[in-house]
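Welcome, and please take a moment to look over the chain shown below.

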Amino acid sequence: MTRTPSGFTLALILAGALLMLTATGAHVATGASGWRWLVAAGVAVQVTGWLAHVRRNRRSGGAA
């Protein structure tokens, strides 16, 4: 079974997803193009969280 993200990595993944959803909703509601930068920042935060999760799994021997 594959390990699930936890702790700081889970916080990064969820924060990135929340940032993307919030910025996307604001972009749709206002039509301002500046919100795209926050969507991109959310992607970067979420990818950082997933990469931290993968590194942690590789160090601990992968799936249990």
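How far apart are the end C-alpha atoms of H1, and what should its 24 residues span at 1.5 Å a residue? The end C-alpha atoms of H1 are 34 Å apart, which agrees with the 34 Å that its 24 residues should span. The expected span of a helix is 1.5 Å times one less than its number of residues.

Before going on, a word on the source: this is a predicted model, in which local features need pLDDT of at least 70 and side-chain atom pairs count only at pLDDT 80 or more, while totals for chains, interfaces and linings use all residues. Residues are numbered from 1 along each chain as its sequence is written, and side-chain values use heavy atoms, with hydrogens and water left out.

**The overall picture**

The chain has two helices and zero strands. These elements are DSSP runs numbered from the N terminus (helices are H or I with at least four residues, strands are E with at least two). H1 covers residues 7-30, and H2 covers residues 35-59. H2 has 25 residues and reaches 37 Å from its first C-alpha to its last, close to the expected 36 Å. Just after H1, Gly 31 takes a positive phi of about 80 degrees.

Along the principal axes, the C-alpha atoms of the chain fill a box of roughly 45 × 15 × 15 Å. The radius of gyration of the chain is 15 Å, whereas a compact globule of 64 residues would have one near 11 Å. That radius is taken over C-alpha atoms, and the globule rule is 2.2 Å times the number of residues to the power 0.38.

**Where the helices meet**

Buried residues make up 20% of the 64 residues in the chain. Here buried means under 20% relative accessible area, exposed means over 50%, and partly exposed lies in between (1.4 Å probe, protein chains only). In H1, the buried residues include Leu 12, Ile 13 and Gly 16, and what covers the buried residues of H1 includes H2. In H2, the buried residues are Gly 42, Gln 46, Gly 49, His 53 and Asn 57, and their cover includes H1.

Contact means heavy atoms within 4.5 Å. Of the contacts in the chain with a separation of 6 or more, 68% are between residues 24 or more positions apart.

Thr 9 lies in H1 and counts as buried because its relative accessibility is 8%. Leaving aside neighbours within four places in sequence, Thr 9 is in contact with Gly 49, Ala 52, His 53 and Arg 56. Val 39, in H2, touches Met 20, Ala 23 and Thr 24, not counting residues up to four places away in sequence.

| Residue | Relative accessibility | Class |
|---|---|---|
| Arg 36 | 54% | exposed |
| Val 39 | 23% | partly exposed |
| Leu 51 | 42% | partly exposed |

Arg 36 and Leu 14 are 22 residues apart in sequence and 18 Å apart in space, C-alpha to C-alpha. The C-alpha atoms of Val 39 and His 27, 12 residues apart along the chain, are separated by 9.3 Å.
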